[in-house]
Amino acid sequence: MDTILSDHSISMSDFKKNPARIVREAGGSPVAVLSHNKPAFYMVSPELFEALIDELADREIEDLARRRLNRKDTAVDVDIESL
């Protein structure tokens with residue numbers, strides 16, 4: 001059995017009938033679109049997709065900052081005026 005990571009789900013055939021209605025009715029929440037009672041894909045609103053992308057970017061930046069902080073003993077002093 002597959003885990004459905006959404007509070008809303010719909011069959012593929014019902015989704016195909018009117019995808020825009022499904023987006024509206026979900027109210028911004030993700031919807032699992034099922035094929036043979038298994039998640040085929042998750043449909044998300046543009047706003048939620050953008051929020052997910054922003055969160056991933058923030059996590060990448062945080063990871064980079066942590067790696068650089070772990071290497072701060074190899075940092076070189078730079079005079080901003082000489083650049």
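A word on conventions. Because this is a predicted model, local features need pLDDT of at least 70 and side-chain atom pairs count only at pLDDT 80 or more, while totals for chains, interfaces and linings use all residues. Residues are numbered from 1 along each chain as its sequence is written, and side-chain values use heavy atoms, with hydrogens and water left out.

Let's start inside. The largest nonpolar core has 7 residues: Ile10, Phe15, Ile22, Ala26, Val31, Val33 and Met43. By nonpolar core I mean buried Ala, Val, Leu, Ile, Met, Phe, Trp, Tyr and Cys residues joined through side-chain atoms within 4.5 Å. Buried is under 20% relative accessible area, exposed is over 50%, and partly exposed is in between, with a 1.4 Å probe and protein chains only. Two elements give two or more residues to this core, helix H2 (19–26) and strand S2 (31–35). Helices (H or I, at least four residues) and strands (E, at least two) are DSSP runs, numbered from the N terminus. Which residues does isoleucine 22 touch, not counting those up to four places away in sequence? They are Ile10, Phe15, Val31 and Met43, where contact means heavy atoms within 4.5 Å.

Now have a look at serine 6, in the segment before strand S1 (8–11). Is serine 6 buried or exposed? Serine 6 counts as buried because its relative accessible area is 16%. Its side chain reaches the backbone oxygen of histidine 8 at 2.9 Å, and a polar atom of that side chain lies 2.6 Å from the backbone oxygen of proline 30. For polar contacts, the rule is a pair of N or O atoms within 3.5 Å; within protein, one must be able to donate a hydrogen and the other to accept it, and residues adjacent in sequence count only if both atoms are side-chain atoms. Leaving out residues up to four places away in sequence, serine 6 touches Pro30, Val31, Ala32 and Tyr42.

On to charges. The whole structure has 5 salt bridges, each a side-chain nitrogen of Lys or Arg within 4 Å of a carboxyl oxygen of Asp or Glu. One of them joins aspartate 14 and lysine 17 at 3.4 Å, N to O. These two are 3 residues apart in helix H1 (residues 12–17), so about one helical turn separates them. Aspartate 14 is partly exposed at 32%, whereas lysine 17 is exposed at 65%.

Glutamate 55 meets arginine 59 at 3.0 Å, N to O, and glutamate 62 pairs with arginine 66, with the closest N and O atoms 2.7 Å apart. Glutamate 62 and arginine 66 are 4 residues apart in H3, about one turn of the helix.

Next, some backbone angles. Most residues other than glycine have a negative phi. Histidine 36 has a positive phi of about 55 degrees, and asparagine 37 has a phi near 65 degrees. Histidine 36 lies in the loop between S2 and strand S3 (38–43), and asparagine 37 lies in the loop between S2 and S3. Histidine 36 is exposed, at 75% relative accessible area, and asparagine 37 is exposed at 69%.

With a relative accessible area of 63%, isoleucine 80 is exposed.
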